[in-house]
Amino acid sequence: CGPSYAQRLWCAWELFILVSFAREEQALERAVVRPLGRDGNVLEQFADFDAANSHCYDPNEEMRLRQVIETVSNNCFNQRIRTMTEKFRGVRRSP
């Protein structure tokens with residue numbers, strides 16, 4: 001994960017899908033965080049994640065993705081990302 005990972009809405013969406021449809025134990029086993037570069041501490045970035053600060057390259061995709069996220073609420077989306085990050089940090093460190 002590079003330094004912009006937590007600011008890419010699609011990346012957060014993929015993490016959200018993983019934690020929404022997999023059992024917590026499976027999600028923790030499957031997710032692998034590999035920092036790229038010196039500023040690649042993505043777990044720290046996701047610890048205070050806010051979808052409002054994440055974007056897509058294509059504004060049309062961003063609009064559609066935000067509409068889907070709003071169906072579960074931004075707060076729920078943000079909290080699920082933060083909670084999973086906290087649990088992931090407690091289980092293992094980045095390789």
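Student: Is phenylalanine 49 buried or exposed?
Tutor: Buried, with a relative accessible area of 2%. Buried means under 20% relative accessible area, exposed over 50%, partly exposed in between (1.4 Å probe, protein chains only). Keep in mind that this is a predicted model: local features need pLDDT of at least 70, side-chain atom pairs count only at pLDDT 80 or more, and totals for chains, interfaces and linings use all residues. Residues are numbered from 1 along each chain as its sequence is written, and side-chain values use heavy atoms, with hydrogens and water left out.
Student: Where does phenylalanine 49 sit?
Tutor: In the loop between H3 and H4. Helices here are DSSP runs (H or I, at least four residues), numbered from the N terminus.
Student: What is phenylalanine 49 in contact with, neighbours within four places aside?
Tutor: Ala6, Ala12, Ser54, Phe77, Asn78, Ile81 and Arg82. Contact means heavy atoms within 4.5 Å.
Student: Which residues touch the most other members of the largest nonpolar core?
Tutor: Phe46, Phe49 and Phe77, out of 23 residues. Such a core is a set of buried Ala, Val, Leu, Ile, Met, Phe, Trp, Tyr and Cys residues joined through side-chain atoms within 4.5 Å. H1 gives the largest share of this core, six residues.
Student: Switching to rings. How many aromatic pairs are there?
Tutor: Four. Rings of Phe, Tyr and Trp (its six-membered ring) pair if their centres lie within 6.5 Å; planes under 30 degrees apart count as stacked, over 60 as edge-to-face and the rest as tilted.
Student: Why does the pair of phenylalanine 16 and phenylalanine 77 count as tilted?
Tutor: Because their planes are at 45°, with the ring centres 4.8 Å apart. Phenylalanine 16 lies in helix H1 and phenylalanine 77 in helix H5, so the pair ties together parts that are 61 residues apart in sequence.
Student: Which residues form the aromatic cluster?
Tutor: Trp13, Phe16, Phe49 and Phe77. Phenylalanine 77 has a relative accessible area of 0%.
Student: On to H4. Which of its residues are buried?
Tutor: Glu62, Leu65 and Ile69. They cover an arc of only 70° around the axis, which puts them on the same side of H4. That arc is taken from the directions from the helix axis to the C-beta atoms.
Student: What happens just after H4?
Tutor: Serine 73 takes a positive phi of about 90°.

Terms used. Helices (H or I, at least four residues) and strands (E, at least two) are DSSP runs, numbered from the N terminus.
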